[in-house]
Amino acid sequence: MNTGILIVAHAPLASALRTAALHVYPEAAAGVLALDVAAQDSPELTRAAAQALLSQLGTPQALVLTDVFGATPCNVAQKVVDGLHSKLVAGVNLPMLLRTVNYRQESLDVLVTRALAGGAQCIMQVAVTAPQNQHRKPHDQHQHDHSQ
């Protein structure tokens, strides 16, 4: 059985991440849910909504992903996870989410490890260089420099 995934984040990030993940894994729609937390939402109502979505997942285990540690979505999520059947990871990004959706059939502890690795390994500075063994053409310089 797959581990359910609940994204709890500032609106509209949770829904946007879910939509992007389902673009790659449309078959995971029932197992990946999102809760957008608006600025005016009370922590009590947000907690109730998060609890309802965890129940809606209908899985024995759930991974809850939030955007910012210490912010309302994370604080609410901390109150709905139990540390045994559900676990929480803060700092969600799309690579982390894609990794967890791809490996959702694994145990909750392994999925947490994959989430942390996926989120961290996909953060990198990307050099703006020509592909290996290729030279920039003279007109390429002007395409990137709009000040001329």
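View 1. Ile-7 stands opposite Leu-65 in strand S3. In this predicted model, local features need pLDDT of at least 70 and side-chain atom pairs count only at pLDDT 80 or more, while totals for chains, interfaces and linings use all residues. Residues are numbered from 1 along each chain as its sequence is written, and side-chain values use heavy atoms, with hydrogens and water left out. Strand S1 (residues 4-10) is joined to strand S3 (residues 62-66) by 5 bridges, and the two run parallel. Strands (E, at least two residues) and helices (H or I, at least four) are DSSP runs, numbered from the N terminus; two strands pair if DSSP finds at least two bridges between them.

**View 2. The open sheet.** The order of the 4 strands is S2-S1-S3-S4, with parallel pairing. Strand S2 (32-37) and strand S4 (86-90) are the edge strands, each pairing on one side only. From one strand to the next, the twist averages 20°.

View 3. Thr-66 belongs to strand S3. Beyond residues up to four places away in sequence, Thr-66 touches several residues, among them Val-8, Pro-73 and Leu-88; contact means heavy atoms within 4.5 Å.

**View 4. Helices H4 and H5.** The axes of helix H4 (residues 94-102) and H5 come within 7 Å and cross at roughly 145°. Axes are lines fitted to C-alpha atoms, for helices over the stretch in contact, and angles run from 0 to 180 degrees between N-to-C directions. Helix H5 (residues 108-121) also lies across S3 and S4, at about 5° to S4.
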